[in-house]
Amino acid sequence: MTAFLLCAVTRSSPAGAPESPSAAKTLELRTFQLVNEHRRSLGLAPLAYDTRIAAIARLHSENMADGRISPGHEGFEERERQISKTIPLRGMAENVGVNDYPRSKTVRAAVSGWLGSRGHRENIEGRYDTAGVGIARNARGTWYFTQIFVRRKP
């Protein structure tokens with residue numbers, strides 16, 4: 001049975017072992033590419049990738065995968081504070097997703113699910129200029145996605 005959970009938040013101002021860090025990063029970059037392909041198809045500027053944002057997103061996904069927190073946006077304000085220490089923020093949003101698709105389909109399923117949800121699509125198409133993606137997989141084979149979108153202060 002395939003499960004899929006999507007969560008979005010915006011603020012202005014097959015069972016297997018967890019993926020290796022390099023494999024997860026490959027999936028993170030593919031997720032980022034698909035989001036930018038969608039943005040370009042609408043004539044929107046592509047997002048810049050920031051490894052600092054990705055590291056914070058990845059930690060959130062790992063916490064969900066390890067069961068330390070429930071899937072969702074718990075700790076969003078803390079992630080926003082962490083990012084604002086190094087990047088002057090004008091706004092921030094977050095998409096979260098969970099699915100148990102095979103590795104070959106999980107990224108496309110997550111991005112398609114986000115695009116099929118009004119709130120997630122608004123984040124993807126929003127007035128953001130920078131983003132990072134973090135993905136983790138638990139021992140049961142469930143994938144946890146976090147994408148954080150940032151609008152920098154000029």
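The legends below describe several close-up views of one predicted protein model.

In this predicted model, local features need pLDDT of at least 70 and side-chain atom pairs count only at pLDDT 80 or more, whereas totals for chains, interfaces and linings use all residues. Residues are numbered from 1 along each chain as its sequence is written, and side-chain values use heavy atoms, with hydrogens and water left out.

**View 1. The whole protein and its order of elements.** The protein contains 5 helices and 5 strands, where helices (H or I, at least four residues) and strands (E, at least two) are DSSP runs numbered from the N terminus. Followed along the sequence, these elements give the pattern β-α-β-α-α-β-α-α-β-β. Of the 154 residues in the protein, 49% are buried; buried means under 20% relative accessible area, exposed means over 50%, and partly exposed lies in between (1.4 Å probe, protein chains only).

**View 2. Strand 4 and its partners.** Strand 2 runs parallel to strand 4 and is joined to it by 2 bridges, two strands being paired if DSSP finds at least two bridges between them. Tyr49 stands opposite Ala131 of strand 4. With strand 5, strand 4 pairs in the antiparallel sense over 8 bridges, and here Arg137 stands opposite Trp143 of strand 5. Strands 4 and 5 form a hairpin with 5 residues between them, and in the turn Gly141 has a positive phi of about 95 degrees.

**View 3. Strand 3 beside strand 5.** Strand 3 (residues 89-99) is mostly covered, since 10 of its 11 residues are buried. Strand 3 pairs with strand 5 (residues 143-152) in the antiparallel sense over 10 bridges, and within this pairing the bridge partner of Gly91 is Arg151 in strand 5.

**View 4. Helix 2 against helix 3.** Two packed helices are described by the angle between their axes and the distance between the axes. The axes of helix 2 (residues 51-65) and helix 3 (residues 76-84) come within 10 Å and cross at roughly 160 degrees, so helix 2 is roughly antiparallel to helix 3. Axes are lines fitted to C-alpha atoms, for helices over the stretch in contact, and angles run from 0 to 180 degrees between N-to-C directions; an angle over 145 degrees counts as roughly antiparallel. The contact (heavy atoms within 4.5 Å) is made by Ile53, Ile56 and His60 of helix 2 and by Arg79, Gln82 and Ile83 of helix 3.

View 5. Glu28 lies in helix 1 (residues 21-41) and is buried, with a relative accessible area of 1%. Not counting residues up to four places away in sequence, Glu28 touches Tyr49, Arg58, Val133, Gly134 and Ile135. Leu44 belongs to the loop between helix 1 and strand 2 (48-49) and counts as partly exposed, at 29% relative accessibility. Leaving aside neighbours within four places in sequence, Leu44 is in contact with Arg39 and Glu125, and the C-alpha atoms of Leu44 and Gly126, 82 residues apart along the chain, are separated by 9.1 Å. Arg68 sits in the loop between helix 2 and helix 3 and is exposed, with a relative accessible area of 53%. Not counting residues up to four places away in sequence, Arg68 touches Glu62 and Asn63.

Terms used:
Angles under 35 degrees count as roughly parallel, over 145 as roughly antiparallel, 65 to 115 as roughly perpendicular and the rest as oblique.
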